[in-house]
Each structure stands twice: as C-alpha cells, then as structure tokens.
2 protein chains.
Amino acid sequence: MNLKEYIMQTTLSNINVKDILKKANLKITPQRILILEVIKEKGHATIDDIYNQVKKQYPSISIATVYKNIHNLYEKGVLREINPQKDKAFYEITIYNHSHFICTSCHNIYDIEPCDNQIIQQCFKEIPGKISELELNVYGICENCAKK
Amino acid sequence: MNLKEYIMQTTLSNINVKDILKKANLKITPQRILILEVIKEKGHATIDDIYNQVKKQYPSISIATVYKNIHNLYEKGVLREINPQKDKAFYEITIYNHSHFICTSCHNIYDIEPCDNQIIQQCFKEIPGKISELELNVYGICENCAKK
DNA sequence: CTTATTGCAAAGGTTTTGCATCGCT
DNA sequence: AGCGATGCAAAACCTTTGCAATAAG
C-alpha cells in the first residue's frame, strides 16, 4: 500500500508515525517522530505549536528543522495546510477529506464530517475547469464559546 | 444605505470607488483610489500586484501605505482575503458571497456563483457551533491551462 | 484649521538557505 | 560508508510601527 492509500484510509488514532515516514521515504529521526506526534496529538498545529511542544522533549531541535520537515511532509502529501482568515497556518495529518469548523472566538479548529462533493458541485451552475479538490471552511462560534 | 448594504448589493462593474471610501469614512486620497481601482480591475490581487501596479501611476507611493490601507479596508469589510494553499494572500472587493475556483497550474482565481449555504449545511451531520460564514475554495485545472 | 494619511526608515517577525557536523540505514 | 537530516547563523523576506511632513475635509 502506498503512502496516499495508507493515510487516506486510516483514522487519526490508528496512525503510526514511523510507518508514514517509511512510506514517504524519509529517514526516521527522533525530531520527525516528535513533530508528527505533536500534530497527531493536537489535531491542528501551527509552526509555533510544533516547535514549542517538541522542544520540551527534545530541547536541541532547531526551528529550521521544523520548517524543513513541515515543508517536506507537505510536499509528500502527509500534511495538509489550513489557512483561517487573518490567522496563522495550521497543519494536520492528511487522513481523509474532511472540512473544518473554525471558531472565530477561541480560534480552535474542529474537524467536521466530509461533505459530499457531488452535492457541492451541483450547487454551481458553471465551474471554469476540472475539479481536483474542495476546501470548505465553516466559520462561527463554537458551542464552548457560546456558553460563556 | 450603509457600506455593507452598498457593497453587497452591487456588481463589480458598477462599483464606485469614491463612494466606497465615503461610506467607509475614509478620506479620498489618490493612493486609496488607485489601490481600489487595481483590485477592481484585476478582480483578485496580492499586495505585490497592488504595489507594483499603483507605482506605475503614482511612483512615490510607499509599500507601508499599501499595507495600511489594505488593513483598514479589510477591517471595514470593503475587502476580503483569499488564502490559497501554499500561495500568498489575495484581496478582492467584497461584492457578494461567492466562491473561488483556484487553478493549481496558473494560480489564477476565478469567481464562481454562490453556493446555497442551506444545501451545504445539510451535507454535514453535525456542526459544533453556530455558523456565521462559509468559505469554499475549489481547486483544479482551469480550462485555459487544460488546453495546453 | 484640524485630523487623518502619507512616506520614510527602522524595527520586528517569519521563513529560507548554506554549510559543517551528525546519525540513519 | 554514504547520503540525507540536523543545527547554527546569516540572509532574505514580509509586515508593522513611530514620527515628521503633507493633504483632505
């Protein structure tokens, strides 16, 4: 099973970080393992989140290493990027095609179930090309923040 | 008619840049007019697009002025931001709620008709909060690039 | 005339790069 | 042993800020 098949058919809790690195043809280093573990743990993490968290367990890590690895893993398709309006980029492990609910109050990101692409495409009269991917971000106030 | 009502009910070609500035309580300066004209002309423009284009007609403009104005206009709701995956932010005049088709080959952005939010919300089993806005980006290869 | 806006230059932040060293496989 | 990955420091970007001069209403 190749990388794409492996990550798209699994769930976050079942993901094995070392398997991903092997399938991506990347050497297994403690820095990489920790970077992916942090993203897996948090669900959605910024560069700062990752750097600060990994540094706790591996103080000698350099921010350059974080950037290089995030870039590599993104290029290989292991990570996806989420760009909320006027906020920093977040990274997540590409598990399956899902969407995001972004709370404009606490800035948390919640995964929401995949939306049927067929249905979305039917909403549009005309699309000027061939679709390869949909990115749907839903903004609002999450239930936690609404309570306050 | 207030700013929000004015920009949401008009079309790009009908937009009067000076009216927008008046309704936004911003002084009408040549720099501001040009900035908005460039965005209107291009449809979707990056900071660099705007700076380079305005400079042709107004060479003394400073990049700081561009940043300050984009920021102001965004805060007032005149502009919206589009953040394509691994690309710079683009700005557009907020006319009505529409979506974007982003060509992964030529990086052009095409406006597509608004998708019915009701329909989209029905796609999701559960959403962890109250929705205020939807942002839908469609990635693919545009017809122009497909021909090549 | 008053106050917002501009342009400049400096500061602050973020991301990338080159290179010598280190460590997976 | 060989080649890719790391860490460091510098460089390259990108964005914001403070302030004096200028221009809009």
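**View 1. Polar contacts between chain A and chain B.** In this predicted model, 19 residue pairs are in polar contact across the interface of chain A and chain B, both residues of each pair being at pLDDT 80 or more. On the side of chain A that touches chain B, the elements giving two or more residues are strand 3 (99-103), strand 4 (109-112), helix 6 (117-123) and strand 5 (129-142) of chain A. Strand 5 of chain A gives the most, with 14 residues. By residue type, the side of chain A that touches chain B divides into 21 nonpolar, seven polar and 10 charged residues.

**View 2. Salt bridges across the interface.** Two salt bridges are found between chain A and chain B. One of them joins Glu81(A) to Lys86(B), with 3.7 Å between the closest N and O atoms.

**View 3. Area buried between the chains.** Chain A and chain B bury about 3400 Å² between them, and 58% of this lies on carbon and sulfur atoms. Of the area that chain A buries against chain B, 19% comes from Lys86(A), Pro128(A) and Glu135(A), more than from any other three residues. The contact takes in 38 residues from chain A and 38 residues from chain B.

**View 4. The buried side of helix 4 of chain A.** Helix 4 spans residues 47-57 of chain A, and its residues Ile47(A), Ile50(A), Tyr51(A) and Val54(A) are buried. These residues lie on the same side of helix 4 of chain A because they cover an arc of only 95 degrees around the axis. In an α-helix there are 3.6 residues a turn, so residues three or four places apart point the same way. The buried residues of helix 4 pack against helix 3 (30-42), helix 5 (63-76) and strand 2 (90-93) of chain A.

Notes:
Residues are numbered from 1 along each chain as its sequence is written. Chains are lettered from A and ligands numbered from 1 in the order in which they are written. This is a predicted model: local features need pLDDT of at least 70, side-chain atom pairs count only at pLDDT 80 or more; totals for chains, interfaces and linings use all residues. Side-chain values use heavy atoms; hydrogens and water are left out. Buried means under 20% relative accessible area, exposed over 50%, partly exposed in between (1.4 Å probe, protein chains only). Helices (H or I, at least four residues) and strands (E, at least two) are DSSP runs, numbered from the N terminus. The arc is that of the directions from the helix axis to the C-beta atoms. Contact means heavy atoms within 4.5 Å. Buried area is the accessible area (1.4 Å probe) that two parts lose on being put together, summed over both. A salt bridge is a side-chain nitrogen of Lys or Arg within 4 Å of a carboxyl oxygen of Asp or Glu. A polar contact is a pair of N or O atoms within 3.5 Å; within protein, one must be able to donate a hydrogen and the other to accept it, and residues adjacent in sequence count only if both atoms are side-chain atoms. Ala, Val, Leu, Ile, Met, Phe, Trp, Tyr, Cys and Pro count as nonpolar, Asp, Glu, Lys and Arg as charged, and the others, Gly among them, as polar.
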